[in-house]
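This report asks for a careful reading of one model, moving from its nonpolar cores to individual side chains. Please keep the sequence and the coordinates at hand while reading.

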Amino acid sequence: RGRLSSSSQIKLSILMTLYFCVYVVMFIWEEIAFDPGEVLYVYDSPAGYGLVALSFIAFCWFVYSVIRTTRKYTDKTSFYLPFGILYSVRFLTRPTVVLVSNMHVADWVREKVVNGVNLAIAYGACISFLVFTIPNSHNFPFHLKRRKWTSLLKNSIAKSIPTRLPRAF
């Protein structure tokens, strides 16, 4: 419990390596091959389309993982159901925002709109995750209760305080 399997670690490593490589290729391509008159922002390029595709792959893997986890640990459904719904929205915003902005947003403001919406969604997702994982809430996903966390914290602080101060020379 609380650890990824070896195959999941490998899959996650591959996905993160692909993200990193596509971002590096995108930035190199932007410096070498982008014509500022033709390409207004990164999602107008094939590397940008690759990022959108990787976001969709990550979304599919996320949904699969949430479904599998809720079936395996039914007592955690009160956390994983709202978490899965909220973060599904977060995963699907990038492709949706890119698609809608390519069709309906003027070229000269498109990059700012896409970046602003993506940052606002990421900020909202971080705040919601913070709220979801408050230890005294009913959907706290971890098996240790708040009392146990408090006692562990007190013990670790007590052990870190020296009983005797070192002498100065």
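## Nonpolar cores

The model is a predicted one, and its largest nonpolar core has 15 residues. Within this core, the residues with the most contacts are Tyr19, Tyr43, Leu51, Val98 and Val114. Helices α1 (6–32), α2 and α3 are the elements that give two or more residues to the core, and α2 gives the most, with five residues. In soluble globular proteins, nonpolar side chains tend to be buried together.

When neighbours within four places in sequence are left aside, tyrosine 19 is in contact with Leu51, Leu54, Ser55, Ala58 and Arg94.

## Helix α4

Helix α4 covers residues 110–132, and its 23 residues should span 33 Å at 1.5 Å a residue, a value that agrees with the 33 Å between its end C-alpha atoms. The expected span is taken as 1.5 Å times one less than the number of residues.

The buried residues of α4 are Arg110, Val114, Asn118, Ala125, Ser128 and Phe132, and what covers them includes α3 (77–104).

## The salt bridge

How many salt bridges does the structure hold? The structure holds one, in which the side chains of aspartate 107 and arginine 110 meet at 2.4 Å, N to O. Side chains of opposite charge can pair when their charged atoms come close.

Are the two partners buried or exposed, or something in between? Aspartate 107 counts as partly exposed because its relative accessibility is 45%, which lies between the limits of 20% and 50%. Arginine 110 counts as buried because its relative accessibility is 8%, a value under the 20% limit.

## Threonine 70

Threonine 70 lies in helix α2 (residues 46–72), and its relative accessible area is 18%, so this residue is buried, the limit being 20%. The side chain of threonine 70 reaches the backbone oxygen of isoleucine 67 at 2.9 Å. If residues up to four places away in sequence are not counted, threonine 70 touches Thr77 and Tyr80.

Definitions and conventions. Residues numbered from 1 in each chain as written. Predicted model: local features only at pLDDT ≥ 70, side-chain atom pairs only at ≥ 80, totals over all residues. Heavy atoms only, no water. Helix = DSSP H or I, 4+ residues; strand = E, 2+ residues; numbered from the N terminus. Buried < 20%, exposed > 50% of the residue type's maximum accessible area, 1.4 Å probe, protein only. Polar contact = N/O pair within 3.5 Å; in protein donor to acceptor, adjacent residues only side chain to side chain. Contact = heavy atoms within 4.5 Å. Salt bridge = Lys/Arg side-chain N within 4 Å of Asp/Glu carboxyl O. Core = buried A, V, L, I, M, F, W, Y, C linked by side-chain atoms within 4.5 Å.
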